[in-house]
Amino acid sequence: ATQRLHALLGAYDPSGELDDEFHARVHPVLGDITSPTLDLSEHDYAALAEITDLTIHGAASTNLFARYKSIEPINVGGTRNIIEFCLKTKQKYLCYVSTYTVMGDKTFDGTLVFRETDLDVGQGFEHMTYQETKFNAEKLVRGAAERGLNWKILRPGQIFGESDTGNYPQGQTNVSGLFYDIFKTIIETGVAIYSDTYFDVTPVDYVSRATAFLALHEPRMSQTYHLTNPHMQTYSETTRKISDLGYPIDIVPQEEYRQMLFARALKANGEE
C-alpha cells in the first residue's frame with residue numbers, strides 16, 4: 001500500500017521533494033470499506049476510531065458503465081460503513097467526496113441552475129448508475145446528521161491533471177480513462193464533434209487544496225461545496241484549445257461524425 005501511494009505521489013512530485021514528508025506522515029491501514037468494521041479487527045477498529053479527528057471519504061468505484069448492483073456495495077454501502085465509523089470518533093466529523101453529477105440527467109438541462117444547497121431536483125439516472133450511487137450516498141450522509149454526524153460534502157468536477165504541469169498518474173489509476181481518452185482520440189484522429197455543451201476541466205491540485213482547506217479551516221458544518229472550474233467552457237471551445245497547441249483538429253457536426261464512424265473514415269495517425 002505504501003508503494004502504491006508513493007507511486008501516485010511520484011506522478012505529481014517526480015523529483016521526490018515530498019518523499020521525507022510522505023514517509024513521516026502517511027501511515028496506510030489496510031481495510032475494506034464494504035465491511036461493517038472496514039475489515040479490521042475489533043481492537044484495530046476501535047483504536048483507529050479513538051485517534052481519528054477527521055475522515056475524508058473519497059473511496060469509490062468510478063466505473064461509469066457498471067450496473068448499479070455491482071458498485072452499490074462500495075459507493076453506497078461503503079459510505080454507510082464510513083458513517084458508522086465516524087460516529088464512533090470523538091469529533092464525529094466526515095468530509096464526503098461526491099460529484100457534481102449527482103444532478104443526474106439534469107446535467108443536460110440548460111435551464112437548471114444546480115446550487116450547492118440542492119440535491120433532489122427531480123433528476124433521473126437512466127444509464128447513470130455511478131451518479132445514482134453518489135446521489136444515494138449523499139442522502140445517507142445528510143440523514144446521519146440526526147445521529148450527530150458533522151458533515152461536509154465536496155462535489156468535484158471532471159478532475160484532470162495538475163494545473164501548472166498537467167501531471168496526472170496516467171496508467172496508475174483506473175479513474176483517468178474516459179476523459180483523457182476523448183482528448184487522445186481527438187488528437188490522433190484530427191476530428192472532433194461540434195458541441196456547445198459545457199465541459200468541465202478541474203485541475204486535481206485545485207480539488208485537493210480546496211478539500212484540505214474546507215476540511216481543516218472552514219468551521220461551518222452541514223455545507224456542500226462545488227469544486228468545479230469557475231471558467232467552464234464548451235466542449236468545442238476546449239477542442240479549439242487543443243488545436244491552438246498545434247494539433248490540427250477538424251470540428252464537424254455530430255451527424256457527420258456519426259457517418260464517419262459507420263463508414264470507418266476515422267483514422268488514428270493515418271491508420272484505421
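Buried means under 20% relative accessible area, exposed over 50% and partly exposed in between, calculated with a 1.4 Å probe on protein chains only. The views below come from a predicted model, in which local features need pLDDT of at least 70, side-chain atom pairs count only at pLDDT 80 or more, and totals for chains, interfaces and linings use all residues. Residues are numbered from 1 along each chain as its sequence is written, and side-chain values use heavy atoms, with hydrogens and water left out.

**View A. Threonine 79 is a buried residue of helix H4.**
Helix H4 spans residues 68-86; helices (H or I, at least four residues) and strands (E, at least two) are DSSP runs, numbered from the N terminus. Threonine 79 counts as buried because its relative accessibility is 0%. Its side chain makes a polar contact with the side chain of histidine 57, at 3.2 Å. Such a contact is a pair of N or O atoms within 3.5 Å; within protein, one must be able to donate a hydrogen and the other to accept it, and residues adjacent in sequence count only if both atoms are side-chain atoms. Leaving aside residues up to four places away in sequence, threonine 79 touches His57, Ile74, Tyr96, Ala137 and Val141 (contact: heavy atoms within 4.5 Å).

**View B. Four parallel strands form an open sheet.**
The order is S1-S2-S3-S8, where two strands pair if DSSP finds at least two bridges between them. Strands S1 (55-57) and S8 (223-227) are at the edges with a single partner strand each, so one side of each has no neighbour in the sheet. From one strand to the next, the twist averages 20°. Look between S2 (residues 93-97) and S3 (residues 150-156) for five bridges; here valine 97 stands opposite leucine 154. Helix H5 (residues 129-143) lies across S2, S3 and S8, at about 160° to S3. For that angle, axes are lines fitted to C-alpha atoms, for helices over the stretch in contact, and angles run from 0 to 180 degrees between N-to-C directions.

In H8 (residues 235-244), Tyr235, Ser236, Thr238, Thr239 and Ile242 are buried. Glycine 246, with a positive phi near 110°, follows H8.

**View D. Histidine 127 has a positive phi without being a glycine.**
Phi is near 65°, and histidine 127 sits in the loop between S2 and H5. At 73% relative accessibility, histidine 127 counts as exposed.
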